[in-house]
Amino acid sequence: MSNHETPLVRPKRKKVWVDYLIQFRWVGVIFLVLPMSLILDMFIYLDQVISQRKSYKQLQKEHNKNVIKVIKRLKERNPSKDGLVCTARKPWVTVGMRNVDYKRAMRFEVDLSDFRNILAIDHDRMIATCEPLVKMGQITRATVPMNLALAVVPELEDLTVGGLINGSGLEGSSHLYGLFSDIVVAYEIILADGRVVRATKDNEYSDLFYAIPWSQGTLGLLTCAEIKLIPIKEYMKVTYKPVRGNISDLTKGYIDSFAPEFGDTDTEKVPDFVETLIYNPHEAVCMTGKYASKEEAKMNWTKINYIGLWFKPWFYQHAQTALKKGEFIDYIPIREYYHRHTRSYFWESKLILPFADQLWFRLLLGWTMPPKIPLLKVAQTEAMHNYYHDMHVLQDLLVPLYKVSDALEWAHSEMEVYPIWVCPHKLYKHPYKTMVYPEPGFEQHHRQGDTTDAQMYTDIGLYYAPGSVLRGEVFDGSDAVRRMETWLIENHGFETQYAVSELSEKEFWRMFDGELYEKCRRKYGAVGNFMSVYYKSKKGRKTEKEVQEALEIPYVDGTD
């Protein structure tokens, strides 16, 4: 192992009362959060069943009424008194840990809670029209029986269409289709002045179409999106291949599992799904998936694995068995495969309920999993919230494929978080330079995985307590994130915006390109009406001065 790979040696940290609160939080989760999660799940499911029984014509009629309500609400706003526009969604409802301190300042809230329906599934156009609060689990429940799915289906069932568009999202099929926003063909947006526009890549609002992704809802209010569907089969044939060696060896195994050489157009060699789980600096399991028919699965019935059943081992632990028994194959029902990481929130549930992966718990209470993230956040005290920011890592690093090894070495040295989720995705060249964009001139280097129209990137998912925290050592989460962001800027990487950020405004716009975004903010009237994307993501409470500056109203210091 190189010196760069060696984790930092840190002094021991003295335990405080919050450590014990975190250690025994499982009591509240079992007796409070899990029962409430079941009740909430039941109401959500009933709401979705009612929605599915309505005709698309009726749903569209309700949608149009709700759009009119939003327009009327925007007309009620007095810019000089009411603050900047944001949704009325409560901060704890979101799935991620992104800073929501902007909702503690003066603001004008618009309720979008009724925008939670699938408006149409068009078999001819292969398009699903969805409102922003439609969840991934809701979509797969509707489309999988039709042998259809979104081209990119992020794993967690509670992730929403709006969050994946305005923020970011990807999955094991992103090496073929790109980020979630890349499979959207049209957006319906309500602008600050109440105009409703439909933005596509080739109409008069094409600049807005390319500016929407990663904008965090700061250009207008997203009310629906038309999203690309693909035909699928009933099962996923998954191959689990163990890889051992140093970080460079693990990286090579990951890249070779899916990435063709530049110019290789033989798509048969490219799997439908790809992910790699790195369990420690010397061991990983590379997984590739191919869609399989129910006939093929039945012919291999001994290899069918109903991974979604409540008593089954968590998926990441099931995959880890390849390190002992060697390469193997199984067939997983397709909807269970899409949401394979939901029950354990990848491996975060191990921190919340340390014994929830044990057989006895899975048999008795596995059917209650997972606890709802919003309810977990509601149950947190301010001290616990700060503890997670300081002693926990929840980050996705988007880096060029050829820099994955360097990124993994950096992550091991600075954060030492395992397991690590590694998932490739295309980063397309667009007619406009978007907030996230490939390296200029990447196509001239003819690197493995790249094509003439897209550079292959990788999402490195770091979700767990760092090794130093688990050993009781000092760890400064804010400082670690700051160093991570510096590394990403220097290596043309990107930080997903659901996570905690320490970026200054100058650093933010070094990481992301703001030219198109700022042009669209001015052109479509967002300036002085909607918050800027940095304002929303900036850590810390917003001061009165910051609110006034964002509104473009002259600030008068009351101490003068």
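**Exercise 1.** How many salt bridges does the count come to?

*Solution.* Keep in mind that this is a predicted model. To count as a salt bridge, a side-chain nitrogen of Lys or Arg has to sit within 4 Å of a carboxyl oxygen of Asp or Glu. By this rule, the count comes to 30 salt bridges.

**Exercise 2.** Find which parts of the chain the salt bridge between Arg340 and Glu171 ties together, and work out whether each residue is buried or exposed.

*Solution.* 
- Step 1: start with the contact. The side chains of Arg340 and Glu171 meet at 3.2 Å, N to O.
- Step 2: Arg340 is in the loop between helix 13 and helix 14 (349-352), and Glu171 is in the loop between helix 6 (161-166) and helix 7 (174-177), so the pair ties together parts 169 residues apart in sequence.
- Step 3: check burial. The cut-off for buried is under 20% relative accessible area. Arg340 has 4%, so it counts as buried, and Glu171 has 0%, so it counts as buried too.

**Exercise 3.** Arg340 also forms a salt bridge with Glu275. Where in the chain does Glu275 lie?

*Solution.* 
- Step 1: look at the distance. The closest N and O atoms of Glu275 and Arg340 are 2.7 Å apart.
- Step 2: locate the partner. Glu275 belongs to strand 10 (residues 273-280), and 65 residues separate this pair, which links distant parts of the chain.
- Step 3: use the same cut-off. Glu275 has a relative accessible area of 0%, so it is buried.

**Exercise 4.** Now try Arg471 and Glu416, whose side chains meet in a salt bridge. Is Arg471 buried or partly exposed?

*Solution.* 
- Step 1: the N to O distance here is 3.0 Å.
- Step 2: Arg471 sits in the loop between helix 19 (467-470) and helix 20 (477-490), while Glu416 sits in the loop between helix 18 (404-414) and strand 14 (420-428).
- Step 3: Arg471 has 36%, so it is partly exposed. Glu416, at 17%, counts as buried.

**Exercise 5.** Which helix gives the most to the lining of the second largest pocket?

*Solution.* 
- Step 1: get to know the pocket. It holds about 790 Å³ of space and is lined by 36 residues, with Asp41, Glu157, Thr342, Met369 and Pro370 nearest its centre.
- Step 2: sort the lining, which divides into 17 nonpolar, nine polar and 10 charged residues.
- Step 3: pick the helix. Helix 2 gives the most, with five residues.

Definitions and conventions
Residues are numbered from 1 along each chain as its sequence is written. This is a predicted model: local features need pLDDT of at least 70, side-chain atom pairs count only at pLDDT 80 or more; totals for chains, interfaces and linings use all residues. Side-chain values use heavy atoms; hydrogens and water are left out. On a 1 Å grid over the protein atoms alone, a cavity is a set of points where a 1.4 Å probe fits but cannot get out, and a pocket is an open set with protein on both sides within 12 Å along at least five of seven lines; lining residues have an atom within 4 Å of a point. Grid points are joined across faces, edges and corners, and a volume is the space filled by probe spheres set on the points. Helices (H or I, at least four residues) and strands (E, at least two) are DSSP runs, numbered from the N terminus. Ala, Val, Leu, Ile, Met, Phe, Trp, Tyr, Cys and Pro count as nonpolar, Asp, Glu, Lys and Arg as charged, and the others, Gly among them, as polar. Buried means under 20% relative accessible area, exposed over 50%, partly exposed in between (1.4 Å probe, protein chains only).
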